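Visitor: I am new to this structure. Please show it to me, and let me ask how you know what you say.

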Amino acid sequence: MNRLQSVVILGATSAIATAVARELAEHGARLFLVARDGERLEPLLQDLRVRGDDASATRILGTTADLADVDAHADVWTQAQEALGDNIDAVLLAWGTLPDQDACNASVATTLEAIHVNGTSAIAFLAHIAPDFEQRGRGVIAAIGSVAGDRGRQSNYVYGTAKGMLATYLQGLRNRLFFSSVDVVTIKPGFVRTPMTEGFNRAGALWAEPETVARGIVKAMRRGRDVAYLPWIWWGIMTVIRLIPEYLFKRLKL
Amino acid sequence: MTTSWNRIPRVAHAAEVTLNRRGQPLPGASHPLLAYGLGRSYGDVCLNPGGSLLHTRDLDRFIAFDPDTGRITAEAGLTLDDLLRFAVPRGWFVPVVPGTRFVTLGGAVANDVHGKNHHHAGSFGEHVRAMTLRRSNGECLEVTPDDTPDWFAATVGGLGLTGLIETVTLQLVPVRTPWMRAWSQRFDSLDEFWELDARAEREWPYTVAWIDCLNPGPRGEVGRGIYSGARHATTAPARSQYREPRRAIPLDPPVSLVNRVTLRLFNQLYYRQSVHPTARAVHHLPWLFPLDAIRHWNRIYGYKGFYQYQCVLPPHAQKDGMQALLDGVAASGQGSFLAVLKRFGDRAGPGMLSFPRPGATLALDFPERGNETEHLFRRLDHIVQEAGGALYPAKDARMSPDLFRSGFPRWEEFASFVDPEFSSGFWRRVTK
């Protein structure tokens with residue numbers, strides 16, 4: 001079981017990351033939160049301090065940064081280490097956007113930007129922190145991918161490409177860090193009721209609440225799971241979807 | 001489609017916007033706005049047909065808590081469920097809770113909700129120390145009972161019409177454990193209920209009665225039931241583990257499962273349940289929120305939904321009036337699944353439109369059966385109006401403007417505080 005007493009959360013104002021932060025704060029964890037929008041980060045820090053009984057704001061800290069900007073990563077990581085000391089137990093990567101596939105179809109620049117925000121920028125951060133974890137020989141690195149990364153579908157394959165690339169990178173990193181006793185956890189949520197999916201018809205049994213997914217993330221991080229489909233039913237769904245032969249799959253309107 | 005808990009009416013909204021942070025400018029639009037929290041009210045008080053709904057569920061952050069005084073400030077979308085989870089382990093409790101904990105702070109204020117401890121603690125609004133209210137002109141009002149008593153009286157129980165309630169400061173009450181001491185006893189008639197109540201209310205901060213409105217008692221009149229009282233326990237029982245059961249009604253049955261046969265059966269069984277005349281330890285969750293243990297219980301009424309009819313009758317008319325209401329329900333044959341009788345304490349709510357007031361309140365649930373149901377409601381309305389009583393806006397989908405005005409005589413004074421850009425289906429219906 002991994003300790004989650006001292007955790008860095010990147011992209012903290014996303015609904016899922018917020019729910020994870022709340023759960024950890026309620027268990028007394030020390031947190032360092034990074035988010036792009038200070039107007040949203042401050043109220044969240046305040047909320048976590050109340051939940052975590054941290055009235056003096058010594059355990060729950062944060063900073064604003066645009067994590068799509070790879071040049072900012074070194075500074076963010078330094079700040080996190082200064083805030084939490086060298087004993088960082090875990091890092092959770094949760095930033096990203098849900099690009100509009102039609103807009104991507106119409107623009108190469110939009111496509112590449114979506115891949116950067118959801119894929120390469122996350123990989124850049126992982127590449128930056130991996131040696132530190134390797135050296136310390138313990139800890140958890142978790143990143144939020146998506147079931148969309150398991151198979152390219154016409155409705156959101158740009159997002160899926162970025163998340164699939166991230167998943168493959170994490171797979172390799174997991175293999176590399178295994179020998180340093182560092183756990184690398186790939187989180188693959190299905191449909192989650194968050195502001196990201198606001199425009200969707202969210203009726204139906206497959207839609208999960210961010211709090212449910214967050215509980216699954218915390219559990220997967222504690223246990224050092226390799227890949228966690230959340231909720232678990234998505235493992236079955238994606239297994240079926242992956243097994244459909246391509247000559248059939250390409251005819252489907254998914 | 002966004003509906004309220006009873007699914008009547010089913011109406012379309014021009015837009016539904018999720019609010020993510022406080023201070024966010026309200027959407028300017030040609031149609032009226034209304035905040036929507038968890039939609040646990042019944043009817044159209046939380047709906048705005050043709051207008052915009054502002055979803056407040058993401059405004060759920062804590063802002064400040066003083067562990068010494070128990071004063072808490074949070075965004076208005078925070079649920080009482082979240083608040084209790086936070087407060088109880090720290091030795092504090094929400095001073096007034098309604099029958100479900102799945103309501104938001106803002107909703108609790110806007111409907112000035114009451115609980116089983118009204119005779120002891122009054123209504124929710126009495127424990128609110130401050131609010132911030134965002135008006136459509138961009139202004140943010142700091143509303144407190146002392147500095148802005150008029151805005152306070154308009155906003156508490158103000159049905160969300162005075163603007164968007166963004167934050168709420170609430171005074172919690174201390175408790176020693178999550179457990180309560182509770183007892184219950186059968187009674188055979190309303191006369192026995194009043195006697196029991198007079199004795200119990202002095203000693204028990206929480207009291208409530210369930211009435212079997214289908215089966216007459218031994219003396220032939222309708223009004224038998226079970227009376228319960230409780231208080232917060234000072235010590236936890238030896239085996240104090242409690243896990244709330246997680247049951248759910250998984251889907252909508254095609255027709256209402258509540259009908260004459262199932263009701264008669266349910267009421268018989270419920271009446272025959274074991275009672276506990278001497279107090280025993282119970283966890284606060286099942287005692288205060290029995291229905292919360294079954295998620296989506298509203299589905300038992302099927303797609304067509306149901307009505308709740310909750311009224312209050314003033315003290316001088318409460319005994320005869322309650323009997324007349326129960327007789328009316330019994331005569332109609334449309335018994336209610338849930339009939340709850342509770343005597344309010346001798347204080348009016350702090351809001352201009354507060355529902356709680358001296359007297360007694362009766363709440364009834366009925367499946368939607370068209371004309372038959374409306375016919376019964378007209379009979380009940382007549383009894384309520386004759387008695388000088390009122391219906392509860394939070395649970396109403398159909399009262400007439402006339403009944404609203406007689407039950408809420410300060411409505412015109414209240415109307416001057418309504419935000420010009422805010423409105424609701426309920427408000428348009430009762431003021432037309």
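Guide: Let us start with charges. Lys and Arg count as positive and Asp and Glu as negative, while His and the chain ends are not counted. The place of a charge is NZ of Lys, CZ of Arg, CG of Asp or CD of Glu. On that basis, the mean positions of the 49 positive and 44 negative charges of chain B are 7 Å apart.

Visitor: What kind of model is this, and how are its parts numbered?

Guide: This is a predicted model, where local features need pLDDT of at least 70, side-chain atom pairs count only at pLDDT 80 or more, and totals for chains, interfaces and linings use all residues. Residues are numbered from 1 along each chain as its sequence is written, chains are lettered from A and ligands numbered from 1 in the order in which they are written, and side-chain values use heavy atoms, leaving out hydrogens and water.

Visitor: How do you know whether the radius of gyration of chain B agrees with that of a compact globule?

Guide: The radius is taken over C-alpha atoms, and the globule rule is 2.2 Å times the number of residues to the power 0.38. For 432 residues a compact globule would come near 22 Å; chain B has 21 Å, so the two agree. Its C-alpha atoms fill a box of roughly 60 × 55 × 45 Å along the principal axes.

Visitor: Why is L159(B) called buried?

Guide: Buried means under 20% relative accessible area, exposed over 50%, and partly exposed in between (1.4 Å probe, protein chains only). L159(B) has 5%, so it is buried. Buried residues make up 61% of the 432 residues in chain B.

Visitor: What makes the phi of L159(B) worth a look?

Guide: Most residues other than glycine have a negative phi, and most peptide bonds are trans. L159(B) is not a glycine, yet its phi is positive, about 55°. L159(B) sits in the loop between α4 (149-155) and β10 (164-171) of chain B.

Visitor: How do you know that the buried residues of α8(A) line one face?

Guide: Helices (H or I, at least four residues) and strands (E, at least two) are DSSP runs, numbered from the N terminus. In α8 (residues 233-243) of chain A, W234(A), M238(A) and I241(A) are buried. Down the axis, the buried residues fall within an arc of 60°, so they line one face. The arc is that of the directions from the helix axis to the C-beta atoms. The face turned away from the buried side carries exposed W235(A), V240(A) and L243(A).
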